[in-house]
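Visitor: I would like to go through some of the labels used for this model. Please set each value against its definition.

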Amino acid sequence: MNMNPSTGISSLQHPPPSALESTVVLRPSGTLLPRERDATAFASWPAFVASGFVPLGFYLDGWTGPDVATLCESIRHSPWWDRPIWVSESTEPQPTWADATGSLSEAIAAGERALAARRSLKLDPSGLHFDERVLYFMYLRDGAELTPLCDRNSAQLYRYPLVEALAHEGDDVAACLATLSRRRLLEPAELIDRTRHCRACGSAHIHYLDVCPHCSSIQINKAPSLHCFTCGHVAPEDDFHDDGGLTCPKCSTALRHIGVDYDRPLTQYACGSCHHVFVETSVVARCLDCRNTTEPNALDVREIASLRLSAHGRAALRAGQIRESFAALDTANYVEPAYFRRLLDWALATHARHKEMHFALMLVEFQNAAEVIEKQGAARVFLMLDEFARRLHELLRTSDLTTRTQEERLWLMLPFSHPEGLTARLQKVLQEQSSQHGEAALRVRIRHLQIPHDLQNHDTAVQLMGRLQNAD
């Protein structure tokens, strides 16, 4: 069978809700088996599309592997992208865009559960943004997980096929999943792998090279070396050979007796570029995509896990708060405001007894967010805030804390830190956003207090925060 996934789809709008939906069986014969009930059969995808039928879910039976993959792609790119897809147990291999393998009765049960979940949310699937589609898809499948697939052709090394199936042109799958995870709307279920990525381009295609620790040349070889007792010079043995004898190339001493004039150290490597000898090589990491070379400890380490819908994500979807713009800021070392104030009071009490305790309190205030939301929409602001939160997370130390008392007010507590450096780096991030978005960029005001320099008598957390908030 040769099917085009877009056949009969591009002109369709999402059908109105139907009280009576039935599982669609796609089978080459176009008929149901004698004992199959509560389902409607079609011989092909175009035949189903032409019928105008509203599906409860899909059951694929009797197709070869490539045909099943094409059918799954057609469904996921259609107005019925959210419907469960089950394939018969005889299908090998199971396509990555399908939900499960099983019987028709199991497919019908899965479709009924998804229908009940759809009715409880009362959302229009055709009007959802990419991140909302992912959460909506997971909500309809209680307990489902997004499983990563190792793919050497992927720049990230792992990809999530089901999420790719929900993406439209221009949607960034990796960025979407990273954002949903940072906002705790998705949570890891099972750790699969741990990968290292180039900080310049994000690629996981990293090549490791042994190099000379002195000059970083790759021209290194294992070679015996000698150690001259007279001057202490260590070099490859070839450098000591002189007319059939051994002579130190540095002090010209004739080396006749091992253990008296010289010995053989543990050095095993010699550099052909600088002639440095050493026991252990240095290792550098080279990105195969952008050719950037760096130390291995400078690579980004990412944990690859199967993902599931979190309780927070489920609640946010039910409450319609997925697009709450400023929630992106709650991902950078975030604690609740009351806990933040308690820790701030604790730091003040600690300073009263131990004067060496110092810290900074910083307020980042977004001044024109409402204006940008009105002109550009909440989705545009969310993307800018998410990028700001990602950069902020890279700059903060594990001991730094953040909280948000109002939508546009972000607080930072920075133990044993001077805030000027972080302020300069944040302003650089904002300048980059301003050059990218122009007039649509966010305007931010950053103020800070340094303890003990700005401390007044009997200051409390509330007083410090109030003084910083009301400062000109």
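Visitor: Leaving aside neighbours within four places in sequence, which residues is Ser-417 in contact with?

Guide: Ser-417 is in contact with His-358, Phe-359, Ala-360, Arg-397 and Gln-450, where contact means heavy atoms within 4.5 Å. This is a predicted model, in which local features need pLDDT of at least 70, side-chain atom pairs count only at pLDDT 80 or more, and totals for chains, interfaces and linings use all residues. Residues are numbered from 1 along each chain as its sequence is written, and side-chain values use heavy atoms, with hydrogens and water left out.

Visitor: Why does Ser-417 count as buried?

Guide: Buried means under 20% relative accessible area (exposed is over 50%, partly exposed in between; 1.4 Å probe, protein chains only). Ser-417 has 16% relative accessibility, so Ser-417 counts as buried. Ser-417 sits in the loop between strand E24 (409–415) and helix H11 (419–437).

Visitor: What makes H8 roughly perpendicular to H12?

Guide: Helix H8 (residues 337–353) and helix H12 (residues 461–470) pack at about 105°, with axes 8 Å apart. Angles of 65 to 115 degrees count as roughly perpendicular (under 35 roughly parallel, over 145 roughly antiparallel, the rest oblique). H8 is therefore roughly perpendicular to H12.

Visitor: Which residues of H8 and H12 make the contact?

Guide: Phe-340, Arg-341, Leu-344, Asp-345 and Leu-348 of H8 meet Ala-461, Val-462, Leu-464 and Met-465 of H12.

Visitor: And why is H4 called roughly perpendicular to H6?

Guide: The axes of H4 (residues 130–139) and H6 (residues 173–182) come within 10 Å and cross at roughly 65°. That angle makes H4 roughly perpendicular to H6.

Methods: Axes are lines fitted to C-alpha atoms, for helices over the stretch in contact, and angles run from 0 to 180 degrees between N-to-C directions. Helices (H or I, at least four residues) and strands (E, at least two) are DSSP runs, numbered from the N terminus.
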